[in-house]
Structure formats: structure tokens, C-alpha cells
Amino acid sequence: MAKDNHHYVPAGYLRGFTIDGEKSLVVEYDKGNQRIAQFPKSVREICKERHYYAQEDESGKLDTDTLEDAIGKYIESPAIKVIHSIASIPNIELLLNETEESSLAYFIAFMASRGPAFREGVQDLHEKIVGHVAEIMYQHGDFGKPPE
């Protein structure tokens, strides 16, 4: 079954911030508008974009599931399991094994770099680099005269 909406903040993580007594409703804060949403929203409806992790396969077909499923299986699920175990034992010295530490560390790093703002920043940087290299190539005569 094709997945159209891909979360860049996992739903399992967002459920840790639900309104008391609710299973999936959270209060949404819009950083761009600096406003709290008027009504609670389901975790299914926030921090997601259509085909965010979609990739084109060898035949040119859009694969909406493979990367999304792998991220959930290998990065999100193990880390969220650790987070839930930590939350269930407050005021106790935290002792994680190497696998749990690794899962949590990788998840934190991935979370810091997976959202749209980071992606757009990287894309902007790449565009500037390509433009700069193209300018150098032009100065060295690697391009002909640009079109008028």
C-alpha cells in the first residue's frame, strides 16, 4: 500500500506530547507564523509532507514506501522504544546499553537534519555552490557566450 504522507517528525514520537486524556491530539505551534493553532490536531496531520521520502526507482516509477519504511524500522522504532522506556522510569539513573545509546544518538542526529528547513537550507547551499562553480567555469572559458 503506497504511503503518501511521510512524517519528518515520527508519529510515535509526537504521541509523547499528546493532550492529557487524548491518544493522538496535540497542540500545534506554527513556527513560521509564531502562532498556536486554534484547535488540537491529530499527530497524523502535522509534521508531514506528501512523498517526503519518495525516490524514483530504476524504471522511473515513484517509490513512496521503501525509504519511508526503512526509516521507521531501523531508525525511528528502536529509538522511540528507548525513549518510552526512559519516560516510564522517572527519577532513576539512566543506564542504556550500547545498542540503545547508538539508536538514540542516531535518532537525535537524524531528527536534527531531517525537517524541511534543514533540507531547504542544504538545497540552497548546493544551488549556491553550483552557481559559484559555474561562474568559475565561465571565467575560465569552459562555457560559450551566454544566451541573450
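Visitor: Where does His51 lie?
Guide: His51 sits in the loop between strand E6 (48–50) and strand E7 (55–56); strands (E, at least two residues) and helices (H or I, at least four) are DSSP runs, numbered from the N terminus. Its phi is near 55 degrees, a positive value in a residue other than glycine. This is a predicted model, where local features need pLDDT of at least 70, side-chain atom pairs count only at pLDDT 80 or more, and totals for chains, interfaces and linings use all residues. Residues are numbered from 1 along each chain as its sequence is written, and side-chain values use heavy atoms, leaving out hydrogens and water.

Visitor: Is Gln34 buried or exposed?
Guide: Buried means under 20% relative accessible area, exposed over 50%, and partly exposed in between (1.4 Å probe, protein chains only). Gln34 is exposed, at 63%. This residue is in the loop between strand E3 (29–30) and strand E4 (35–36), and has a positive phi of about 50 degrees although it is not a glycine.

Visitor: Which residues of H2 meet H3?
Guide: Contact means heavy atoms within 4.5 Å. Among those of H2 are Ile71, Ile75 and Val82, and H3 contributes residues including Leu104, Phe107 and Phe110.

Visitor: At what angle do the axes of H2 and H3 cross?
Guide: Axes are lines fitted to C-alpha atoms, for helices over the stretch in contact, and angles run from 0 to 180 degrees between N-to-C directions. The axes of H2 and H3 cross at roughly 115 degrees and come within 9 Å.
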